[in-house]
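Reader: I would like to see how the labels put on this structure follow from its geometry. Please set the values against the cut-offs.

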Amino acid sequence: MPTYYQPRKFSALLVIAAATFITGAATLLANNDNTSIDFNRDIRPILANHCYQCHGPDAKTRQADLRLDTQAGLAEQRDPPLIIQHRPAASELIHRITTTDSDVQMPPPDSNRNLSSAQINLLTQWIRQGANYSGHWSLQPLVKPAVPQLKKRVAKWARNPLDHFIVAKLQSAQLQPSTPAPAATLLRRLTLDLTGLPPTPIQAQAFLANPTAEHYEQIVDNLLAQPEYGEHLAWNWLVAARYSDTNGYQGDRTRTSHFWRTWVINAFNDNMPFNQFTIEQLAGDLLESPTLDQRIATGFNRNHPLNGEGGRIAEESRVEYVFDRTETTGTVWLGLTVGCARCHDHKYDPLTQREYYEMYAFFNNIDETGRVDAGGDANPVLKVPTATQRQRFDSIKRELANATGSARLPAEKEEQARTEWIQALQAEHKHHERFLGWNTLIPLKATSSAGATTSIDSGGGVLITGKLPDKDDYTIVIDQPQKNIKAIRLQPTTHERLEFNGPGRASNFVLTSFELTVTHPDKKPRPLKIQDAVADFTQSSFDVKHTLSPSAESGWAIWDGDLKTSIDRQAIFYLAEPLTLAQGEQLTVTLRHQSKHAKHTLGYFRLATTTDAKPTLKTNDAPPSQIASVLAKPAGNWNAAETELVAQYHREHTDAYVNARKQRVLLETEQQRMRASFSQTMVMRDRGEVRETKILTVGQYDSPLNDELLQVGTPASLGLLAKDAPRNRLALARWITSTRNPLTARVTVNRFWQQIFGSGIVKTTEDFGTQGELPSHPLLLDWLAADFQEHNWNVKRLLKTMVMSATYRQSSHTSVTAQQLDPYNRLLSHSPRFRLPSHTIRDQVLAVSGLLVTKLGGPSVKPYQPEGLWADFSFGKIKYQQDSGDALYRRSLYTFWRRSLGPPNMFDEANRQTCNVRTARTNTPLHALTTLNDITYIEAARVFAQRVMQLHDQHERRLEYLFRAALLREETATEKAILQRMFTTAHAYYQDSPEKCKELLQIGDKPYEQTLDPFDNQDLIDLATYTNIANMIFNTDEFLTRE
Amino acid sequence: MTPDPITQYSQQLTRRRFFGNTGTGLGIAALSSLMGTSESIPAATDLGAPHFPAKAKRVIYMFQNGAPSHVDLFDHKPGMAKFHDTQLPESIQQGKRLSTMTQGKEQKVLSTPWKFQPYGKCGTQMSELVPHMGSIADDICLVRSMHTEAVNHAPAITYFLTGSEMPGRPSFGSWLSYGLGSANDELPTFCAMTSVDRELSCGQIFYDWYWGSGFLPSHHQGVKFRGNGDPVLYLSNPNGIDRKLRKSLLDDLAALNNLRQQEIGDPEILTRITQYEMAYRMQASIPDLTDINTEPQHILDLYGPDVMRRGSFAQNCLLARRLAEKGVRFIQLMHAGWDQHNNLPTQLSVQTKDTDQPAAGLVRDLKQRGLLEDTLVIWGGEFGRTPFCQGDMHNKKQHGRDHHPYCFSLWMAGGGIRGGMTYGESDDFCYNTAKDPVHVHDLQATILNQLGLDHERLTYKFQGREFRLTDVHGKVVKPILS
């Protein structure tokens, strides 16, 4: 295996370990003259914000050939010298930023980028201290730092290495960690953080009774093993992947992407290593013999919007999709805003426009057109069975293997059976001077009245293919001599070239008329009278006798009600008079299909005649002439070929063989039918011929910058793709997950940190470039990232490290000192406290009320939504069909996500138009209206109240339980008094207007009746009152917040 | 109860976070009642906005989704008549890219079937289809040289409203909310309303990113007023809970939250209490606002016969005035229709009947109340329509005009814009701009300018880049300023 990742060569000068800087929370450090200046912390941000626009990486806009983003640029020999170490006054840089001469002043006065005096001061100090340079921190090789040593007193506080980094930083900022959180708070925090659901009161009680470290760890392990863990982790990944159930744009058609969602949930639950998780999603299709799941995984980069608008230029759309994939991949794995380089060299980060299109080339070779060309989806798509279908599919495979095995008798038995059979036939021949049974006809010609293609095989079978008309009549001409024929047999037979194996062209058929005519070139056609007909199987009310009347109303059909049509059938038509064809006469068989059931025409069939007096459905076939002539001789005279010919014929006519074949065809047909009913999902699949990639002028699909063809490639500043690596997405995926890639592990652990602690160690989760924020704890970030890599990218282990730390277990109480010194709690002197995402708030009320339906995976559901929303935005074209029953109470993860209009009660959620890796958290009156008034919340409050009333008879207990079950702690006396006050107010209100009770209680699909027995008016009033209280508790800041 | 020192301290802290430390001017007053907060938001006043004294305090944008035909309404080219039914000269077409619906097909000039006439003292030529707009000709500035790059509805509308063809950027109103904050304490800063043509002729969807906040914090997004059901989602109390009971619940809820705040010391709790109070006020103010029964008949008459129909463009125009009176900063009306590819002769007059009187009525109503002075009104679509015929030239029931981005018209009134003038010119076929072209970004820069904002300085840093509504373009169109 190639190495994939080719590290950069660092000049010794360039590398000053990222470890030299201390904190990103600049407010914590006064930059006075005694402070040592750190290039990355103090200087690069100033240069980046104020200078790079004209003196940065973008060669096109670079002024005066001066570059301030590289060490070479800063150190370049210029006249006058730009920087003289330790001598700011002599440095041109300082002169330019301090002069008042607007002609030479930098940044130019009209640029809106003027420097503050503090910034000028920093630059001055930097030069005074020697103008040290270090490369951008996130691009430095990842080296696992040593865990800081702590003094004994604080070392006791620490529970794992993570705490060492945190407390060391706290101490340097004159802060102390907080006391541990109360057990109930901690349990609620932990359960919400790991599963997105609250603990049950029983779980809380159990932990409170035994709040030991061992018990805590046990709970952590249990939570990580719950299926709800995978669902919870999936949410943020879906958001990053811009997952939606519709395409967006005009029309906003529905797509089937839930298979990929289920894949993500399972991958998290199975604790798939993050590198594998990455590889399968970026390039699962390119793995050696990829599994169905690995192909489904590649749906990650098909989650972008699709434009099916009329008048749209398909190639323009396709190019947009490639941009989207390139940029999403850049943001999610590399934490880089590669999109900037779509139109020009990146202004701030070392990424050229050319490199952007080399990355783009990885995603430019998908076998796609830019059109929405596969139902609501766009090719390439993959057929995907549901879980049930997949089970049956696998069992069919096994049954098929068995059926093939049972087709032959053991050799000895077979030989014995054959000998007996030969003897019987020879005896029959001797007695009757002929073989009895049906003689298969080899027709002279077969024609279709509607222009379908007919062909006749050597065994006399007539196959109809080609054009598939709604109605069709077949004419079959027989010129074999016939004597004393009593009956004619029609055998509709299965055939692999027919849909679902026939025997009709679309499985079933309706034969409306069966006619026989004797023709002669010189005579009038002579119709033959058919006396009767029988068949071995008829579909109810489609009896074969209907074929004897010319009416098109009905006929013979064979559907069995269970999709088992692919079975060989036969019908016998008895002639009124025995038939003998005179010299020159031919027999014409007409098969009419004129029923109202379109395309119900025969696909493959055989005809046979017999001279037997009373042929039945059991009557055997006479051996065909080739076999018959051998059988006519004594067996001893056969040569080897003849012996084998007879053996072969016999074998194919044993019951075992016939049954096995029948079984096989049925199973294959079931497989085909199932495959036809499979859902599909969009996946990645490359084209054979590589699509050309050129640099596009300002990203215009039809404006290549020049004719140069680009190869795939990775940005030089991140390390090149190894020379011997294949040039495809799989190589990119392996390059991304190489342990030598400086970004992937850092970016990934930071995102998980954000999930657990509310914001990242690098707050700009999406941007690890020079415009992003510096890490608050760079050493901790590197330690976590290196540790993550060392332990095989184990996500559960990473999360466990975080939640086992003392840092995590702190109380969220905020001290005045902490607020003064670290108002945004970047140093974690206490546990972060933040409002839960709206999807979790919804899940939480469903769980607390007992409404939640836990079912993992599957298609999206449509819970409550105010009427008319979809109709309004789409002019009535798209209507919301609300689900009922369990579907109303599934986790928010499964709520149908319309890209143009997300679920209205999920506020502050990313819009799923583009990749998003950072959570928005705002606080507006509209959110209050949602959780106060939405049906979801009112119904949950009422069902919760119902449950509490069932559990407890006494008012006091009920009040307490409402509070404790939701907030998992005991109420204070003051709080209880407030609850009681609310109870009194609401109770009086409903007492006065009892009709209001029912109005309230009828909200939501879950009926409120039959809850209590007996259920009187007073109960109604109580229920309405407690519903109000539950509604209030569901809106307390504490309930809405992860504390 | 007396707040303890921690509470007092954190109240101060909240306020400081809220306002930033340096801002002056309108921003501060406005921000004191901003609709929402978040710790991750840089205070808008850090921008130093407004950057200079504003001529307009608010904007009413009557967006005509679907693209009205400038050829038939505003851009009078009598000379086109003699080219009717002949191939559009190559010198005009210049091989420009069109939508795939007409690209590469024959392009025969379709001169307008309607008469034009001069209106007002200024004598601006406009079509007989828009007599009411004609009657306010002296108050409006008609720009005849708009141009854009997009040729399809959604990208073109997104371009006008967010500065980018791809969804994901903040919309105009959310930029203003971010830059200037709110000017009232009972209504959202940015409201959007939609309506559709009576005889629905097209399928452009109202995407919620048209009033979305993109990467700006989500409380800057426009609040959509709906044409049916609750005017704002989840505004009504549930059945069985009246306003009085709700008030006691909210009071008790505030009491519980206050206790928690004292216990925990998190200033965010105080913000939450404020937001719940605001929600309660909105429950009263929004139904008041949408109750138009208090309007006298002569005012209703200004807006035309459709005004009493909920969700109509006419009623939305009236509501826009009421919102403007209450200090809402950006009012975005979106009226869909106008997309007359194959029914121009029959449909355009229906469309103008729906929109002409209400739009003009709104300007008159604002003017008579003295509100027009500081309210910037804009009327226009996302592009224009081709001067050549799409469909069967000889069958009036089966022809119309295709999308046309290279030149179209739009008008503005009030808010420091000169009335009674036209600006810019098209060529002899309304095809290309011939004089003083105005690009979408120029219009955006000009509107921001009237609100006291420098479009180059109203920025927000996202994914490593300072973003602007005008991207890296835009010039204020100075000649149209009064």
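This is a predicted model: local features need pLDDT of at least 70, side-chain atom pairs count only at pLDDT 80 or more; totals for chains, interfaces and linings use all residues.

Reader: What makes α8(B) roughly antiparallel to α9(B)?

Author: Helix α8 (residues 243-264) of chain B and helix α9 (residues 268-290) of chain B pack at an angle of about 170 degrees. Angles over 145 degrees count as roughly antiparallel, so α8(B) is roughly antiparallel to α9(B). Their axes are 9 Å apart.

Reader: Which residues make that contact of α8(B) with α9(B)?

Author: From α8(B) they include B:Leu250, B:Leu253, B:Asn257 and B:Ile264, and from α9(B) they include B:Ile269, B:Ile273 and B:Tyr280. By class, this contact has 9 nonpolar, 3 polar and 3 charged residues.

Reader: Why are α29(A) and α9(B) called roughly perpendicular?

Author: Their axes cross at roughly 80 degrees and come within 8 Å. The class of roughly perpendicular runs from 65 to 115 degrees, and α29(A) and α9(B) therefore belong to it. In this contact, A:Pro925, A:Ala928 and A:Leu929 of α29(A) meet B:Gln275, B:Tyr276, B:Met278, B:Ala279 and B:Met282 of α9(B). The residues divide into 7 nonpolar, 1 polar and no charged.

Reader: How do you know that the span of helix α21 of chain A agrees with its number of residues?

Author: Helix α21 (residues 655-677) of chain A has 23 residues, which at 1.5 Å a residue should span 33 Å. The expected span takes one less than the number of residues. The end C-alpha atoms of α21(A) are 33 Å apart, so the two values agree. The buried residues of α21(A) are A:Val665, A:Leu666 and A:Thr669.

Reader: How many residues does each chain give to the contact between chain A and chain B?

Author: Chain A gives 73 residues and chain B gives 73 residues. On the side of chain A, the elements that give two or more residues include α29 (925-933), α32 (973-992) and α34 (1017-1034). The largest share, 8 residues, comes from α32(A). By class, the side of chain A that touches chain B has 28 nonpolar, 27 polar and 18 charged residues.

Reader: Which residues touch the most other members of the largest nonpolar core?

Author: They are A:Leu962, A:Ile1033 and B:Ile331, in a core of 316 residues. Leaving aside neighbours within four places in sequence, B:Ile331 is in contact with B:Val59, B:Ile60, B:Cys191, B:Ala320, B:Leu323 and B:Ala324.

Notes: Residues are numbered from 1 along each chain as its sequence is written. Chains are lettered from A and ligands numbered from 1 in the order in which they are written. Two residues are in contact if their C-beta atoms, placed from the backbone, lie within 7 Å. Helices (H or I, at least four residues) and strands (E, at least two) are DSSP runs, numbered from the N terminus. Ala, Val, Leu, Ile, Met, Phe, Trp, Tyr, Cys and Pro count as nonpolar, Asp, Glu, Lys and Arg as charged, and the others, Gly among them, as polar. A nonpolar core is a set of buried Ala, Val, Leu, Ile, Met, Phe, Trp, Tyr and Cys residues joined through C-beta atoms within 7 Å. A residue is buried if 20 or more other C-beta atoms lie within 10 Å of its own, exposed if 12 or fewer, and partly exposed in between; C-beta atoms are placed from the backbone. Axes are lines fitted to C-alpha atoms, for helices over the stretch in contact, and angles run from 0 to 180 degrees between N-to-C directions. Angles under 35 degrees count as roughly parallel, over 145 as roughly antiparallel, 65 to 115 as roughly perpendicular and the rest as oblique.
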